[in-house]
Amino acid sequence: MNPTLLIVDDEPNILLSLEFLMKREGYQVHLARDGVEALEAIAALRPDLVLLDVMMPRKTGFEVCQEVRADEALKATRILMLTAKGRDTDVAKGLALGADAYMTKPFSTKELVEKVRQMLLSNR
Amino acid sequence: MARHQPTDKRLLWLLAVAALVSIVWLLFTLWLIAATLTPPDRATVWALVGPSLLLVSLTWGAGMGAIAWGLKRWFGHWVTPSVQLAEEAQVLLRTDVVRELRPKGNVETKELAKLFNQLVAQREELRHQMQDKVRAAARDIEQEKSRLAALMSELTQSVVVCNLDGRILLYNNRARTQFRALSQSPRLADGAELIGLGRSIYTVFDRKLVAHALESVQQRLQRGVAQPTAQFVTSTRAGQLLRVQMTPVRSVAEPDAAPVLGAALEPATQAPPLQLAGFVLMLDNITREFEAEAVRERLVLGLTEGSRAALANMRAAIEMLDYPDLEPALRERFLAVVRDEVQALSERVQRSSSQAAEVFQSRWPLEDMLGTDLLSAAGRRIEETLGLALNQSEADPNLWLRIESFSILQALLFLSARLRDEFAIRHVSLRLRPSGQGVDKAELDLIWSGATLSTETVMSWEIDPMRIGSEASALTVREVVDRHGGAFWLERDRASNQAWFRFLLPAATAQEQLDNATFVHHPSRPEYYDFDLFRVSPRSQALDEVPLADLSFTVFDTETTGLNPAEGDEIIQIGAVRVLNGKLLRQEVFDQLVDPKREIPPESIPIHGITPEMVQGQPGILEVLPALHAFAADTVLVAHNAAFDMRFLQLKERQTGLAFEQPVLDTLLLSAVVHPGQDSHRLEAIAERFNVTVIGRHTALGDAMVTAEVFVRLLPLLAEKGIHTLGQARGAAQRTYFARIQY
């Protein structure tokens, strides 16, 4: 079965691209538009990997990350944080709160695809 | 000898002894002769000698006279001169009298007198040398002090010097201004309750904060750090952000004490080299910088992080466009994303750039200046330098600008000169008012009538380097305006045939206005320093035991609507001034009109000169008393006829919840203590007695000043009467007759 991906971002303009890209890679793609929606989707769909934006309404990516990591049942979920916050301190915080990888915007889609592939492989 | 000399007692004793000895000698001789004779011979001799006894006693008397004379001569030559010399030398030794001793008597005594004279001359010479040295040293110290005071008062940074108790010993004008801005009752006490010689710095700063800084300074001192300073940032109760730098004042080390004449100097009595005597605080109000910095940071973050997301969206969308298998509909959607994001990003950049212009230009060294000051300077220079007549100069009196005044003045001069030279304009006017287009901008207009300028002309004037006479500047009017983030244009009014250049310039905010209003209105260099306070010990003793010389006093006076506080008379003015270490601190005053919330009797107006219009809009007594209370905190109150003023204050105690519980001294009573024989102890009479010039009588502050001057002169007279402490002064005052007068 193809890996399941959840893409979380509040900006439709990036969702459109990411959805197209990931579907083209053959993943099963789901979308969420804020932190709360993301948590619900993660609980329901148990995705293999989450592409998680940081700056979102209702709950930030940091909070989502923290809550997922607090739940033992969701241990296998990989999290790749995508964020416009590019300072060292933000990267450190994201990784500390349990993200598996971190990419700052703007990023190359090729690198993103490569990264996602790697993470899913290491998951196996 | 013309001068009567008291006879030496020893001379009399010697004479008496001589007389006694000669009589005993005579009698013994007679007895010896008689013993050798037979009784009949004895009778014969007695019959022969008996009648001549008178002759014997006469010769004896003459002999005694000769002895007396000889003794006297002997004394006069050998004894009396040395006795006198000793006495005179005593005078020279015990007093400051300087005179030449007259050599007299025998040669040795004369020689001694000459030696004394030489010693005295030598002593005087040494004394003069010493005095000269002391005077020179004192002059140097005085010079150092005034240099320090001058330096400090010119600094744009606030400086406050405190002793270890946190009492203020010295501060500069900037500190006064800054503390005023920090004051919570700025309109009343004007910050005077926060800063003042002898006041505690802990009314402004948390004691723990200062203690902590002191501790780290001390640690650094002990480690031998070259610059043992500490820094902290604190927010005041008024919400201002202060950056404070603390530098230690080291106590002056005792010079290496040489082993002096038997003085048992233990090494422990020498001051350790690291001892602190106090500390210097340098204060910067960084509220504004901090806010500006926050805006800058937001701006930078907005431009960087804010743009990242948009760029990411675009980049992703564009990279999707590269896929050959993209359906046309989806391709169109990706293109829409790019268009959408580019537009949003453009708007963001636009917004940021206008904000950035505002934020970054504030790095120019712009200063706050009162608009009327700028206009009067400009008017004067236009008239003097260019010979143009200034028709009119109108400015909003409360308008403050945030400008670099020199370049603005240059621009005004340059434009006026060109108007004169190229259009033969002879009169110009100046106008300054708040801009209708924004609260933080002001319009500065240079107005003339007649000649009409073309847009091209204005443009060329705007971009030509400014030249006034032979003085050239590299700047153009446009650059000057840009430097202020302002604008410049030409306007004309056909109806009045007037035209003007308009400068749109940044105005300053209210906080800054207060800062500078006080700064500008104290042009003289004030008497701020009082290093003697370093010696003040903690005031742990009860106040009554404290010598008057060690206390600080608030001398105050009130003007009232009448003489009967119990029947509704009210205070309409309060004036107060501080006295510290026997000195009148003329800069630290409290001067406030009070709205009595009642009619002012017309017949009283000629006395105090305060009309109902003057108190209109002034604060009421319930607002003023807390400020006075703060101003007088920690001091002894002094007033002339204090019972009267105190009565007015006490009647408000319940309403304000503030009691003036400090000790009170009355100059009227103290005058009666010092001069019990005088008829009048009215303030005028005492002032005349002490030769105090009375200015501004019957204004509260004027009377408070006179009272304070009188009080300062009373202090030494009280000391002569043995009245040194507060308790003694109060006791003496109470005992005077006038203490029984009650209002």
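**The annotated aspartate and the aromatic pairs**

Modeller: Leaving aside neighbours within four places in sequence, A:Asp53 is in contact with A:Val8, A:Asp9, A:Asp10, A:Gly61, A:Leu82, A:Thr83 and A:Lys105, where contact means heavy atoms within 4.5 Å. This is a predicted model, in which local features need pLDDT of at least 70, side-chain atom pairs count only at pLDDT 80 or more, and totals for chains, interfaces and linings use all residues. Residues are numbered from 1 along each chain as its sequence is written, chains are lettered from A and ligands numbered from 1 in the order in which they are written, and side-chain values use heavy atoms, leaving out hydrogens and water.

Biologist: For which modified residue does UniProt list A:Asp53?

Modeller: The unreviewed UniProt entry lists A:Asp53 for "modified residue: 4-aspartylphosphate"; such annotations may be inferred rather than shown by experiment, and their positions are given in the numbering used here, with feature names shortened. A:Asp53 is in strand 3 (residues 49-53) of chain A; helices (H or I, at least four residues) and strands (E, at least two) are DSSP runs, numbered from the N terminus.

Biologist: Why is A:Asp53 called buried?

Modeller: Buried means under 20% relative accessible area, exposed over 50%, and partly exposed in between (1.4 Å probe, protein chains only). A:Asp53 has 4%, so A:Asp53 is buried.

Biologist: What makes A:Phe20 and B:Tyr323 an aromatic pair, and why is the pair edge-to-face?

Modeller: Rings of Phe, Tyr and Trp (its six-membered ring) pair if their centres lie within 6.5 Å; planes under 30 degrees apart count as stacked, over 60 as edge-to-face and the rest as tilted. The centres of A:Phe20 and B:Tyr323 are 6.0 Å apart with 65 degrees between the planes, so the pair is edge-to-face. A:Phe20 lies in helix 1 (residues 12-24) of chain A and B:Tyr323 in the loop between helix 7 (287-321) and helix 8 (328-361) of chain B, so the pair joins two chains. A:Phe20, at 15% relative accessibility, counts as buried, and B:Tyr323 is buried at 17%.

Biologist: Why is the pair of B:Trp461 and B:Phe501 called tilted?

Modeller: The planes of B:Trp461 and B:Phe501 are 55 degrees apart, with 6.0 Å centre to centre, so the pair falls in the tilted class. The pair links distant parts of the chain, 40 residues apart: B:Trp461 is in helix 11 (residues 455-463) and B:Phe501 in strand 14 (residues 498-506) of chain B. B:Trp461 counts as buried at 1%, as does B:Phe501 at 0%.
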